[in-house]
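Thank you all for coming.

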Amino acid sequence: VKHLSALKKLEKLDLSVKMSDEEAKALAVGLQHPECLQKLLIWNCAITDTGCTAIAEAFVNMKSLKQLDLRSNKISFSGANSLAAHVSYLDCLEILNLSNNNIS
């Protein structure tokens, strides 16, 4: 994950693996400098509010992101609030999927 930032031309990242909070934080660090990332699909990874917040904080640098799929994780109200606080950085976002989480 730490070398992900070297992939500046990456357009799509599709992950469906169980991830700890620390791994989600490492992923967020790796997403600090994507120039072309358009689709970020992190589904069924057991991401909690902590991991979700770390990923949301990386939105500042994701100017080209069009699709964000965080379905089937363990995100609750706290993580959703963090996403809401940072989603304004995603100028190109067209699709946001948070289905099958713990948001009520």
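Predicted model: local features only at pLDDT ≥ 70, side-chain atom pairs only at ≥ 80, totals over all residues.

Residues are numbered from 1 along each chain as its sequence is written, and side-chain values use heavy atoms, with hydrogens and water left out.

Now to the overall picture. The protein has three helices and four strands, where helices (H or I, at least four residues) and strands (E, at least two) are DSSP runs numbered from the N terminus, and along the sequence they follow the pattern β-α-β-α-β-α-β. For 104 residues, a compact globule would have a radius of gyration near 13 Å, and the 12 Å of the protein agrees with that; this radius is taken over C-alpha atoms, and the globule rule is 2.2 Å times the number of residues to the power 0.38. Taken along the principal axes, the box that the C-alpha atoms fill is roughly 35 × 25 × 20 Å. Of the 104 residues, 38% are buried. If we take contacts, meaning heavy atoms within 4.5 Å, between residues at least 6 apart in sequence, then 87% of them join residues at least 24 apart.

Let us turn to the helices, starting with α1, which covers residues 21-30 and has Ala 24, Leu 27, Ala 28 and Gly 30 as its buried residues. These residues cover an arc of only 160° around the axis, and therefore lie on the same side of α1; the arc is that of the directions from the helix axis to the C-beta atoms. The face turned away from that buried side carries the exposed residues Glu 22 and Val 29. As for partners, the buried residues of α1 pack against β1 (12-15), β2 (39-42) and α2.

Which residues are buried in helix α3? In this helix, residues 77-86, they are Gly 79, Ala 80, Ser 82, Leu 83 and His 86. Their arc around the axis is only 155°, so they sit on the same side of α3, while Phe 77, Ala 84 and Ala 85 are exposed on the other side. The buried residues of α3 pack against α2 (49-57) and β3 (67-69). Looking at one of them, His 86 has a relative accessible area of 18% and is therefore buried, and, not counting residues up to four places away in sequence, His 86 touches Ala 56, Glu 57 and Phe 59.

Finally, a word about the backbone. Most residues other than glycine have a negative phi. Ser 72, however, has a positive phi, near 60°; this residue is found in the loop between β3 and α3, and Ser 72 is partly exposed because its relative accessible area is 24%. Asn 100 also has a positive phi, near 60°, and is found in the segment after β4 (95-97). With a relative accessible area of 60%, Asn 100 is exposed.

Notes: Buried < 20%, exposed > 50% of the residue type's maximum accessible area, 1.4 Å probe, protein only.
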